[in-house]
Structures are given as structure tokens and as C-alpha cells.
Amino acid sequence: YVRALEHQPHGIPNLEKQLGKSPALFAQAIGLVYCRKDGGEDPPEWKVDDADRSSAIATVAYRLLANFRRIPSSDDNGKIDEQALRDWVKQSQSLCAQYGRAEIGDQKIGEALSARIIGKDGVWPCEEVRKVLEECGTAELATGFQVGVYNSRGAHARANGGDQERDLAATYENWARQLTYEYPYVASVVECIAERYDREAEMWDSEDAVQIGRAS
């Protein structure tokens, strides 16, 4: 039912909650979509002999991961258990590495942690997430985290030039500065997001300039 529910306002909260509680389920979903990098053997229960059914299951697992937008170990009110989150990340990393999918596992973990939850100090990401990121972060996790931020923006109306992107860049740059001393890894990840929006702002400025030139 994932493909039907994902387009409803309610989404798939129960499935997201289960993924965020079970590193084993998360690793299995990764395994159903992405191939091993080490040539090893997957658990028998992951294997489906029928090609059509295997493809259908892989598609559902892919959509499940794509809709996993809830911070693992968070409750229905959005409160995050920091130790439970740390355990979930470490166990998920361990299982994905065990099954030859460390890189893609970290990327998907990064996407899951990228939800826009502001900390009590007004800085993003929130304290629980930034502490776990600082401890468990990798280059691949950073990539997934950034992808999650860009994807969450979704479709948006365009203003003149790159003003929207410039405002976003300034917001992320401000957060990066506040994170630098205590969370250097997280600060570098947030800084990369700011730099990307700066580049996009310049691109849209150039695009508008071209359009104005053609009109005149």
C-alpha cells in the first residue's frame, strides 16, 4: 500500500516509525533496493526468485526509503531520544556494512536525519541530531544529509533572480558559524549547503540577466 499511501496527506507514519525503531528493517529495505559492493551473500529471506515479484518488492522498498522523513527514535510529538538515535544510527551503519552496502546506507541515514527540526538554541540541526552526526558522520552521510535538505524544498514559485536562494544561503551560513567550534563536522556539512545555494543564486541571477537582455 506504500505507493497509494505516500500521496495521501497522512503519508506513511506507522511505517516511518517502524523504520526508525528497527535498524534491521532499515538495512533490509536498503538490501532490497541496492546491490552489494563486496560480492557477498545476502540472507535467504531477502531473496525472491520470481523476477517480477522481486522488481515489485524493490520498487516498494525504494518508495519506503524515499518517504522516510521522520527522525529515527522520535516520538509522535517530535521529541528525539538522543541515545536511542545514536544506537539506531550505529546499528544501521554496522548492518549496512555487514551486508556490503555501507556507502548507500550512510547516504540514506543522512537523508533521514535531515528533517528541519530546529534546536532549543535556534540552530539547525537540533541538538540531538547534531551530536549524533558529529560522532557518527562520514562523507557519504554528509552527502545524503545535503540531498535530503535539497529534496525537502520541493516545488516552489520563483522570484526575481536568485533572491530566494541567497536568503537560504545566508540562513545556513549563519547556522554553520554557530556550529563551528563545538560541532566542526556538522558545521562543514551545513556550510556546503549554504555554498550550493550561493551558487544557485548566481545561476538564477545570470539566467534573469540573459532573459532581460533578450527582451530588450
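This is a predicted model: local features need pLDDT of at least 70, side-chain atom pairs count only at pLDDT 80 or more; totals for chains, interfaces and linings use all residues.
Helix α4 comprises the 16 residues 51–66, which at 1.5 Å a residue should span 22 Å, in agreement with the 22 Å between its end C-alpha atoms; the expected span is 1.5 Å times one less than the number of residues. Helices are DSSP runs (H or I) of at least four residues, numbered from the N terminus.

Residues are numbered from 1 along each chain as its sequence is written. Local features required a pLDDT of at least 70 and side-chain atom pairs counted only at pLDDT 80 or more, whereas totals for chains, interfaces and linings use all residues, and side-chain values use heavy atoms, with hydrogens and water left out.

Helix α8 (residues 139–153) has 15 residues and extends 22 Å from its first C-alpha to its last, close to the expected 21 Å. Its buried residues include L141, F145, V149 and Y150.

Helix α5 (residues 82–98) packs against helix α7 (residues 127–136) at an angle of about 35 degrees, with the axes 9 Å apart; axes are lines fitted to C-alpha atoms over the stretch in contact, and angles run from 0 to 180 degrees between N-to-C directions. In this pair, E82, L85, R86, V89, K90 and Q93 of α5 meet E128, V129, K131, V132, E135 and C136 of α7, contact being defined as heavy atoms within 4.5 Å.

Residue I30, in helix α3 (residues 23–33), is buried, with a relative accessible area of 0%. Leaving aside neighbours within four places in sequence, I30 contacts L65, C96, R101, I104, G105 and K108, and its C-alpha atom is separated by 9.5 Å from that of Y99, 69 residues apart along the chain. Residue K108, located in helix α6 (residues 102–112), is likewise buried, with a relative accessible area of 12%; with neighbours within four places in sequence again left aside, K108 is in contact with F26, I30 and Y34.

How values were computed:
Helices (H or I, at least four residues) and strands (E, at least two) are DSSP runs, numbered from the N terminus. Buried means under 20% relative accessible area, exposed over 50%, partly exposed in between (1.4 Å probe, protein chains only).
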